[in-house]
Amino acid sequence: MSDQTQNTSDDDIVDEILELPLDSWHRAKGARMVPFAGYSMPIQYEGIIAEHRWTRENAGLFDVSHMGQLIVSGEGEDQALEAILPGDIMGLAEGKMRYSLLLNEDGGILDDLMITRTPTGFYLVVNGAVKWEDIGHLREYLPDEITLNHLDDRALLALQGPKAVDALERIVPGVRRLCFMEADSFLWGEEPLWISRSGYTGEDGFEISVPASHVEALAYALCVQPEVKPIGLGARDSLRLEAGLPLYGHDLDEEIDPISADLSFAVSKRRRMDAGFPGAVPIINAIANGPKTKRVGLLVEGKMPVREGALLFAGAEQIGRVTSGGHSPTLDRPIAMGFVTAAYAKIGTSFEAEVRGKRVPVQVTAMPFVPHHYVRKGAAK
């Protein structure tokens, strides 16, 4: 992992569509490219359903280099981060990861992120669509003595699926020792890699931070493994939906608090007591009294997909809306996530979604829709 100082200021940001370090590699692989989060990104190669199923059964390689990789360092950096994030950062051991949230003063979610304690500071991965806003927010609220470096000289790959560990272990010996939500530095030849074991598909998998100048060689080395194929944004979205994982800008935004979003685990017990983070009062109140709305999983009757924006009704009463939805290749049926009035959030509750002027029956169900397969400590690796 590099500590090179970020040289790009917010004033330098333009509206042009940027290219990933692997842009020509994706095109050579036959990817269909689309604009996403300010970048030209692959949505699919051979087809979303085929890529989805390949990842569930083998290993898929995702290019997530659009995401922001940051290092926060300096004396007391963990205390400084606890003033911004609601998680137990001071208690995070070296090499351990945690899911956390950037919040506004009303408890609304500015972004969700992953944070890891490293030997040189805290490594954060933030969403690509709002990374510049996140960088600005962190710089505004972190003390002057804390350094924030944007690792814009590094690319990020995600290798996901039950056979990911077999493929990656051949190339980077030793990664098998990592468990879910752990990370460490490794060498690939002479190149430094920072590798974590988590993922956004519900499957076992790894995130690999690599110098951008060497990401094409690494992508090639991974894709010559028999278990690995490149996978696009389309399957990434259907995989994370089956896993019941929210997407910022769709299931999460500044109007949604962590408790409504079913992310109360990100507000640690100790932090609920000290309440020293943005939005603490409304969030603690929602924990104590229950939120007014809740994020739920929905099973859809029939074959018609219920997509983002569809309104939800109990009779004539509008009770919520869908924030993510589509076809589940694993279940071979439409599924969705959305927010409903808390009284309708109990598992088994039935109501209707409105799709193109028609009412479609839906039922609240437990998430994830497809079981997670993370490799936790004590499990066979």
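## Report on a predicted structure

Asp262 lies in the loop between helix α7 and helix α8 (269–274). The model described here is predicted. The phi angle of Asp262 is near 60°, a positive value in a residue other than glycine. Because its relative accessibility is 46%, Asp262 counts as partly exposed.

| Residue | Location | Phi |
|---|---|---|
| Gly244 | just after α7 | about 70° |
| Arg356 | turn between β19 and β20 | about 50° |

**Helix α7.** Nine of the ten residues of helix α7 (residues 233–242) are buried, so the helix is largely enclosed by the rest of the structure. Among the buried residues are Leu233, Gly234, Arg236 and Glu242. The cover over the buried part of α7 includes strands β2 (32–36), β3 (39–44) and β4 (59–63), helix α2 (48–57), and strands β17 (317–328) and β18 (333–341).

**Nonpolar cores.** The largest nonpolar core has 36 residues. Those with the most contacts inside this core are Tyr99, Leu101, Ile109, Tyr123, Leu252, Ala261 and Leu263. At least two residues of the core come from each of β6 (97–103), β7 (109–118), β8 (121–126), β10 (154–160), α7 and α9 (280–289). Strand β6 gives the most, with four residues. Leaving aside residues up to four places away in sequence, Ala261 touches Ile109, Leu252, Ile256, Arg295 and Phe339. A second, separate core of 32 residues includes Leu159, Leu168, Trp188 and Leu193.

**Strands β16, β19 and β20.** Strand β19 (residues 350–355) pairs with two strands described here. Three bridges join β19 to β16 (residues 311–314), and these two strands run antiparallel. In this pairing, Leu312 has Ala353 of β19 as its bridge partner. Six bridges join β19 to β20 (residues 358–365), again in an antiparallel arrangement. Here Val355 is partnered by Lys358 in β20. Strands β19 and β20 form a hairpin with two residues between them, and Arg356 is in the turn.

**After β20.** The segment that follows β20 contains Pro368. A cis peptide bond joins Met367 and Pro368, with omega about 5°.

Methods. Residues numbered from 1 in each chain as written. Predicted model: local features only at pLDDT ≥ 70, side-chain atom pairs only at ≥ 80, totals over all residues. Heavy atoms only, no water. Buried < 20%, exposed > 50% of the residue type's maximum accessible area, 1.4 Å probe, protein only. Contact = heavy atoms within 4.5 Å. Pairing = 2+ DSSP bridges. Core = buried A, V, L, I, M, F, W, Y, C linked by side-chain atoms within 4.5 Å.
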